[in-house]
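Biologist: I would like to go through this structure with you. Could we begin with the charged side chains and then move on to other topics?

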Amino acid sequence: MKPPNIANKFSNSTVCCFLLFGLFTYAQETSTISGFVREDATGEPISYANVFLSNTGLGAATNNDGYFVITKIPSGQYVINASMIGFGVYKKQIDITDGETIRLDIRLIEQAIETSEILVTAERQKFERSMESSQISLDLREINSAPAFVEPDVFRTLQMLPGVQTTSDFSSALYVRGSTPDQNLIMLDGIAIYNPYHFGGIFSTFNTDAIKEADFHAGGFPARYGGRMGAILNVINREGNTQKIKGAANISLISTKVLLEGPVPKWKGMKGSWMVSGRRTYFDKVVDALKIPIEQKSDGTNSYLTFPYYFYDYQIKINLDLTPNHRLTYTRFYGDDVLFFKESDTRQVDSDNNVDIVVDSDFGINWPWGNHTNGLTWRWIVSPTIVAKTFFANSRYRFHFNMDYEENQTFTYADTTEFYNTAFNFDIFDIINDNTLESEIIWKATENQEVTGGFQIRDVHFDLGIEIGITTLDTAVIEKPLDLNNTTREIAFFIQDKWDISPTLKFQSGLRATDYNLHDRLYLDPRISLKYHYSDNIALKLNWGHYHQFLMTANPQDENFRIVDLWMGIPEDKEASRSQHTIVGIEYLAPNNIFYRIEAYQKDFDNLLTLKQGEITTENEGEVYSTPFNEFWDTDAEAYGIEFLVKKPTGRLNGWIGYTFAETKYFTPQSGWHPPNWDRTHTLNIVGNIELTTDLQFSSALSASTGNPYTPILGRVYDWGHTLNSSTYWYPYNSYLVGDKNSVRYSDYFRVDIGIIRKHGNLFGLAYETYWQIMNVTRHVNILGYAYRTKIDYSGNRMGVERRKVGMFPIILTFGVKFEF
């Protein structure tokens with residue numbers, strides 16, 4: 001590890017940062033209207049609301065915090081308007097004088113809006129403001145729009161978007177434009193989540209009832225994001241109801257979810273809100289309560305059926321407005337999967353030697369894994385045109401598998417008693433502790449220019465190891481075939497300038513500079529975005545950028561199931577992984593509010609590392625050698641494709657259609673160029689919702705794609721081997737004869753899901769809705785893989801290899817009920 005000379009390296013940059021902040025503070029605008037737009041019923045901020053002054057060209061759109069600012073307003077009398085899809089129009093007359101600054105708290109009342117002009121104007125804000133290609137925001141309604149497996153899931157909805165692929169029905173992991181899941185930055189309220197899955201990857205770790213929106217970037221993301229080179233997903237939780245205490249409960253086939261929210265009591269001018277949500281599976285509790293006997297133990301007691309697995313999570317969010325310009329936000333997430341199994345047995349061993357032998361044995365597995373985060377954000381509105389945010393967060397990921405077996409033997413003779421004890425323990429763990437400090441300043445320099453700058457310091461401690469122990473009454477042997485323990489630090493500065501050169505041409509440039517403490521160099525990541533409005537409804541986009549990544553997972557590339565991720569920092573002797581994104585696209589927002597987008601992308605990857613798959617231990621010449629997760633192939637990759645999206649966000653009939661043509665190739669010295677096992681050349685996704693009545697909603701989703709590639713097995717090879725130690729002997733063995741890596745594809749994938757929601761139910765004064773969902777309605781057999789075995793004829797002769805299909809989801813019916821109180 002190099003000496004800690006980071007302070008010297010960044011001294012000039014730090015000075016520049018403070019000078020820039022001073023410039024921001026000095027450059028005050030006059031005659032300004034700013035404020036927040038919120039839902040009247042709950043106080044939740046509204047993003048992309050349209051705020052403008054009637055009969056002028058002055059206006060702005062709210063950001064993710066609901067904040068807006070309109071500058072350079074001449075003195076006079078105006079009518080300010082605020083509108084958003086699904087809300088009534090806000091109008092207020094105001095008088096403004098030279099140099100005056102007005103702060104407004106605008107509340108929009110939810111109601112059906114019949115005026116098509118308002119609908120178009122509100123949706124147009126996203127079309128006008130967004131500079132990044134491949135970016136889409138999904139609100140709670142859109143997340144819940146696709147029929148889900150058991151319960152709505154943000155990752156499952158994202159998998160229905162263009163450019164996002166998966167390995168199977170059993171995985172909610174996101175493979176985005178050739179990137180693996182570890183190359184995606186997944187955040188909850190800005191805090192990195194390292195293993196965002198439950199139930200071995202079938203569900204994401206995010207409770208959708210608590211989500212306000214999900215901001216997803218499939219590529220070309222701006223300079224404020226770094227440390228990943230695939231995609232960005234920031235899941236933003238609700239702030240909590242500022243008006244009254246409310247709650248909701250959701251009971252599905254596998255879990256129960258509860259959400260409570262309400263206002264913080266006002267005190268000395270301070271006010272705020274809070275939100276708490278929790279979820280737990282209950283199948284284990286149901287099985288335990290049923291007390292189903294499965295066998296009788298040797299001591300005469302019954303052994304009952306148990307279900308050894310459950311998962312749970314809870315989330316807390318508290319907002320406190322200290323003053324109109326200062327806000328503190330505390331967020332917390334805690335989620336774990338737990339597999340716990342323990343079995344004890346006592347048996348009497350028959351003996352003819354006048355001795356009683358009693359054997360007590362205990363076998364247990366304790367396997368928790370999950371995420372734990374805490375974050376504190378300070379938002380300071382320095383002036384109407386300058387907003388500063390400082391953010392400190394801790395994110396811990398823990399995976400700890402422990403298996404132990406202990407046997408106690410008691411030999412009772414006529415005149416003595418002897419005891420023997422043997423214990424075996426296998427322990428594998430991966431613990432990540434991430435501490436991050438981040439600060440950014442957003443300055444609306446002029447009416448046409450916005451500058452963003454800031455820094456990020458991220459310390460990540462990795463503790464990855466395997467420990468094997470064997471003990472007896474007088475001996476203890478402990479082996480550690482894997483012991484990786486180190487700390488990495490990333491210090492990054494970024495600056496970004498968004499400039500509206502003309503009404504039709506917008507340009508955004510950014511630079512991110514990162515120091516990685518294990519490497520003696522400064523990594524520079526330039527980013528460029530260009531947007532040209534060919535007409536009021538058509539825009540052309542270009543995005544280009546460099547992206548570096550300083551951590552990775554040591555998971556086999558071809559695994560179909562990814563229960564956990566084994567994270568580690570990029571080693572000192574390896575270059576940081578790098579990717580270059582180039583994206584071109586055209587967008588069209590039709591007068592009827594339907595959004596069309598076509599994008600072509602190309603990504604190059606360098607300095608990737610692929611785990612050499614093999615045995616953890618090998619035997620050679622009588623000695624055992626450890627070959628753990630520290631052997632990797634140097635890997636290159638490339639990906640390119642074309643995507644098409646049609647999205648109708650409003651109306652009785654809404655949804656989207658997405659099509660992707662994609663090619664991804666990876667190169668390793670062992671296998672040459674080959675497609676990874678998640679590569680799908682053609683993918684078509686259709687998601688639709690229709691309100692049949694005010695009480696009944698029908699949804700459907702269709703997914704069809706080219707089959708995933710796999711390595712074919714051509715036959716078996718029979719041969720002889722021999723040991724190389726002093727007791728040399730020959731033994732027969734057989735192995736599979738395989739073809740080129742991932743050179744064959746499974747049959748095409750096809751699945752149709754449907755769902756029905758019945759709203760406005762009432763049970764003893766509680767409002768409720770029920771939902772029914774059917775997955776794989778057509779019962780199409782989608783292949784997960786093949787199981788192989790030796791084919792033997794009636795005479796016992798070996799006839800080669802035969803295989804059978806292992807399918808994904810069959811037809812599955814699920815249902816649930818949601819209460820509000």
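Predicted model: local features only at pLDDT ≥ 70, side-chain atom pairs only at ≥ 80, totals over all residues.

Biologist: How far apart are the closest N and O atoms of Asp321 and Arg327?

Modeller: They are 2.7 Å apart, and the two residues form a salt bridge.

Biologist: Are these two buried or exposed?

Modeller: Asp321 is buried, with a relative accessible area of 14%. Arg327 is buried as well, at 5% relative accessibility.

Biologist: How many salt bridges does the structure hold?

Modeller: There are 32 salt bridges. One of them is formed by Lys257 and Asp209, whose closest N and O atoms are 3.8 Å apart.

Biologist: Where do Lys257 and Asp209 lie?

Modeller: Lys257 is in strand β18 (residues 255-267), while Asp209 is in the loop between β14 (203-204) and β15 (211-217), so the pair ties together parts that are 48 residues apart in sequence. Both Lys257 and Asp209 are buried.

Biologist: Which residue meets Arg279 in a salt bridge?

Modeller: Asp313 does, with an N to O distance of 2.9 Å. This pair also links distant parts of the chain: Arg279 belongs to strand β19 (residues 270-281) and Asp313 to strand β22 (residues 309-323), 34 residues apart.

Biologist: And how accessible are Arg279 and Asp313?

Modeller: Arg279 has a relative accessible area of 5% and is buried. Asp313 is at 2%, so Asp313 counts as buried too.

Biologist: What lies 3.0 Å from a polar atom of the Lys317 side chain?

Modeller: The backbone oxygen of Asn237 does.

Biologist: Which residues does Lys317 touch, not counting those up to four places away in sequence?

Modeller: The list is Asp189, Ile236, Asn237, Arg238, Glu239, Ser273, Trp274, Met275, Thr329, Tyr330 and Thr331. Glu239 has already come up, as a member of the salt-bridge network.

Biologist: Let us turn to the sheets. What is the strand order in the open sheet of five strands?

Modeller: The order is β8-β15-β16-β11-β12, and the pairing is mixed. At the edges are β8 (135-139) and β12 (191-192), each of which pairs on one side only.

Biologist: How many bridges join β15 to β16?

Modeller: Six bridges join them, and the two strands run antiparallel; β16 covers residues 232-237. As an example, Phe216 has Leu233 in β16 as its bridge partner.

Biologist: Now the surface. Which residues form the nonpolar patch?

Modeller: The patch is formed by Tyr532, Tyr534, Leu540, Ile586, Ile598, Ile642, Phe644, Ile657, Tyr659, Leu684 and Ile686. Together they have about 920 Å² of accessible area.

Biologist: Which strands each supply at least two residues of the patch?

Modeller: They are β38 (632-648), β39 (653-668) and β41 (682-691). Ile657, for instance, lies in strand β39. Ile657 is partly exposed, with a relative accessible area of 36%.

Biologist: Where is Ile598, and what is in contact with that residue?

Modeller: Ile598 is in strand β35 (residues 595-611). Leaving aside neighbours within four places in sequence, Ile598 is in contact with Val584, Gly585, Ile586, Ile642, Glu643 and Phe644. Among these contacts, Ile586, Ile642 and Phe644 also belong to the nonpolar patch. The relative accessible area of Ile598 is 39%, so Ile598 is partly exposed.

Biologist: How far apart are Ile598 and Met799?

Modeller: They are 201 residues apart in sequence and 52 Å apart in space, C-alpha to C-alpha.

Biologist: One last topic, the backbone. What is the phi of Asn607?

Modeller: The phi of Asn607 is near 60°, a positive value in a residue other than glycine. Most residues other than glycine have a negative phi. Asn607 lies in strand β35 and is partly exposed, with a relative accessible area of 33%.

Biologist: And what is the phi of Phe764?

Modeller: Phe764 has a positive phi of about 55°, although it is not a glycine. Phe764 is placed in the loop between β47 (749-763) and β48 (766-775). At 80% relative accessibility, Phe764 counts as exposed.

Key. Residues numbered from 1 in each chain as written. Heavy atoms only, no water. Salt bridge = Lys/Arg side-chain N within 4 Å of Asp/Glu carboxyl O. Helix = DSSP H or I, 4+ residues; strand = E, 2+ residues; numbered from the N terminus. Buried < 20%, exposed > 50% of the residue type's maximum accessible area, 1.4 Å probe, protein only. Pairing = 2+ DSSP bridges. Patch = residues over 30% accessible without salt bridge, like charges linked within 9 Å, V, L, I, M, F, W, Y side chains within 5 Å. Areas by Shrake-Rupley, 256 points an atom, 1.4 Å probe, with all protein chains shown as cover. Polar contact = N/O pair within 3.5 Å; in protein donor to acceptor, adjacent residues only side chain to side chain. Contact = heavy atoms within 4.5 Å.
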